[in-house]
Amino acid sequence: MKKRTESFPERITNFWNGWEVRGLVLLSLLLQIILIFLGKRRKYIRKNWIKKIILWGAYLSADWIATLSLGVLSRKEIVVPKNEISGKNQSFDPNYVLMAFWAPFLLVHLGGPDTITSYSLEDNELWPRRLLELLVQLGVAIYVLIRSWVRTPVNFLAFPMFMAGIIKFGERIWVLRSASSDVFRDSLLPLPDPGPNYAKFMDGYSAKKAEGFKISVGTINDTTTVVRRNNSPSSDALHDASYFFRTFKRLFADLILSFQDRENSRSFFQHAEMTCEKAFEVIEIELGFMYDLLHTKASFITSRWGSFCRVVSFLGTFSAFLGFLIIDKNAYSTTDKIVTLFLLVGAILLEIYAVIVQLTSDWTTLWLSKHENKLVDLISKANSCFQSCHGLCFLLPLNKRWSNSVDQYNLLSHCIKRKSIKGSRTKHFIKDFSEDFIKDFILKMLEKYWYKNLKPVSKDLKEKIFVQLKNAKSISDIRDSYMQLFACTGDDHDEEKKRICNLDETILRLHIATDLCYYIDRGNDTETVKTSKCLSQSLSNYLVYLLVMCPYMLPSGIGQIKFQDTCAEAIEFIKEREYISDEHKACEVLFKVNTEILPSRIKGDRSKSVLFDACKLAQSLQCLEPEQKWRKISEVWVGILSDAASQCRWNYHARRLRQGGELLTHVWLLMAHLGITEHFQIARGHLRAKLFLR
């Protein structure tokens, strides 16, 4: 019994020593498979939080596992015990020679898949750290190879894999560096332009004046610097999006656009043949390009240098695979040979999968449309074949550019659900088995996902946004549209104008008022009224979601404090009336509250709640005809959405691209294309002075 007890830990130790490196390299390969499958999907995945967690965990673990594997390989014992018969030491364990061949595969894994180079924008800023990691891990991999060098065929097979690993890691460093804010901004800066020669102009002016001429200075348009294009919408949105993307990606570097850029874009999007479907499709493609530029290798791979690197990398991996099949492998253990085959086949399949995904991308489709030859025709047929498999093969990502949906968060629904779970078993379980700070954290996380839902962006909503923005001339026009609604309510104009300046308060007041009117007006509505009601409620819930979940995308203020105070007052109101069980009943009761005296006169400034201010607004709106009322409400919500989009900084818009995209970002870019943005600061165009002699 004692002997069995002593041998048990030894067997576990031997098993661990034998499978430590094997398990780590196979786990590293598995993480690469997860990353390449889910990397591109996050561009349009919004609701599936399980996939998001898996992708997040795989991204954080992949580099750490590969680095750990290299570290374990570098310290692994390579000398076998003394041979008692011959009396000689065997310098190298043949299995270690094969394991050392795995080191360049780990460099390939550190290079990451094509579909995800960075998880967030902050990762791009850390490219110097990644570069240092490359140099260190490359040194460790070379050290492992030197330790195992006995001039066997396996040693020589490591060279093409080293080449593939260095290329892969180099690609990632280059893409991260190119997407970092400073480098990206510098790459978009125009060439220095000194402008007309002022000193030479004044010399001519002085000379002519000395000769006795009467001189006047006028201005003329410098047409040599104006670039124009055919601005009628083409049948191919991809080409139009590619043209405008080259210019409007400057918005993501916080750079201004020129007068000519605005005129070209505005004439295109305001063309008589332009439809909302075409406009939003161009916007979607542009933002898809921007996502790929920030988070994938797509833009690099489609370049000539990137294509060359990809061919060399694949040939290196494939040649190593063929070489391993040919060489004599009798000296190595069967397990290690199987692991090596897994690594080789896995690397080749991942390369092929990356090519297939790239073939179905907008980048490749755009490139193919610009070239005509037999090879391009063959690639186009393969591309069409792969794209036809999108709906049938779950392994390929869908051909979607964003989630095409908006999150919904309703304040009254939040308050009623919160009341209903006050005594729920889940809450009591968490309370009984966790500390207070853990309980609060878990409850907040649960509430964050419990109260929100997802709603697709309808064609009617896009049409409403496009038409309203197309008719607007400036941001001030959009903001003035707010007053059109409040002017109809009979409230004090100056007081309302002050309150409307606080966008968060406007959102909360109109959100609750929209809910009250929505449930009070239930009945035999016309199709026009039904459409306006659905659009209004959708935008209302979406903007409250941004206020609660993404406050950084809205102008700075105390919106979350106002939301909390309003919720607290609503919950207290509902608790006192136990017969309120759903939103419809809550709206009916709230609408009947007497608001003859302003709530601020009674409540003072202690609470920031706007619950009964919203009730007063809803009661004032009832004086309007249903069709007029809901038309104005929907217009105001589009105006608020546009105002919020124009005030959101570029980096926050860019941040949301990796989380399924935001309607707010699409509206922001559409406004820029229509010239409704503060990024156009060159209003006079290119003018130059000219001397006129008399």
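Predicted model: local features only at pLDDT ≥ 70, side-chain atom pairs only at ≥ 80, totals over all residues.

Residues are numbered from 1 along each chain as its sequence is written, and side-chain values use heavy atoms, with hydrogens and water left out.

**Stop 1: ring pairs**

A search of the whole structure turns up 23 aromatic pairs. To count, the rings of Phe, Tyr and Trp (its six-membered ring) must have centres within 6.5 Å; planes under 30 degrees apart are stacked, over 60 edge-to-face, and the rest tilted.

Select F37 and Y353. Their ring centres are 4.9 Å apart and the planes sit at 65 degrees, so this pair is edge-to-face. It ties together distant parts of the chain: F37 is in helix 1 (residues 2-38) and Y353 in helix 15 (residues 334-359), 316 residues apart. Helices here are DSSP runs (H or I, at least four residues), numbered from the N terminus.

Is Y353 buried or exposed? With 10% relative accessibility, Y353 counts as buried, while F37, at 26%, is partly exposed. The cut-offs are under 20% relative accessible area for buried, over 50% for exposed, and partly exposed in between (1.4 Å probe, protein chains only).

Now jump to W305 and F308, a stacked pair with 5.6 Å centre to centre and 25 degrees between the planes. Both are in helix 14 (residues 304-326), 3 residues apart, or about one turn of the helix. W305 is exposed at 56%; F308 is partly exposed at 48%.

For a cluster, select Y243, F244, F248, F268 and F269, which are linked by ring pairs.

**Stop 2: arginines over rings**

Pick R22 and W19: R22 lies over the face of W19, 5.1 Å from the ring centre. Then try R177, which lies over the face of W127 at 5.7 Å from the ring centre. A charge sits over a ring if NZ of Lys or CZ of Arg is within 6 Å of the ring centre and within 35 degrees of the ring normal.

**Stop 3: a nonpolar patch**

Show the surface and colour W49, I50, I53, I54, W56 and L60. Together they form a nonpolar surface patch with about 630 Å² of accessible area. Patch members have over 30% relative accessible area and no salt bridge, and nonpolar side chains (Val, Leu, Ile, Met, Phe, Trp, Tyr) are joined within 5 Å; a salt bridge puts a side-chain nitrogen of Lys or Arg within 4 Å of a carboxyl oxygen of Asp or Glu. Areas come from the Shrake-Rupley method with a 1.4 Å probe. One of the members, I50, lies in helix 2 (residues 49-75) and is partly exposed at 49%.

**Stop 4: helix 25**

Select N541, in helix 25 (residues 527-549) and buried at 7%. Which side chain does the side chain of N541 contact? That of N410, through a polar contact at 3.0 Å. A polar contact is a pair of N or O atoms within 3.5 Å; within protein, one must be able to donate a hydrogen and the other to accept it, and residues adjacent in sequence count only if both atoms are side-chain atoms.

V529 is also found in helix 25, buried at 5%.

**Last stop: a loop**

Finish at N594, in the loop between helix 27 (583-591) and helix 28 (599-603). N594 is exposed at 63%, and a polar atom of the N594 side chain lies 3.0 Å from the backbone nitrogen of E596.

Technical notes: Helix = DSSP H or I, 4+ residues; strand = E, 2+ residues; numbered from the N terminus. Patch = residues over 30% accessible without salt bridge, like charges linked within 9 Å, V, L, I, M, F, W, Y side chains within 5 Å.
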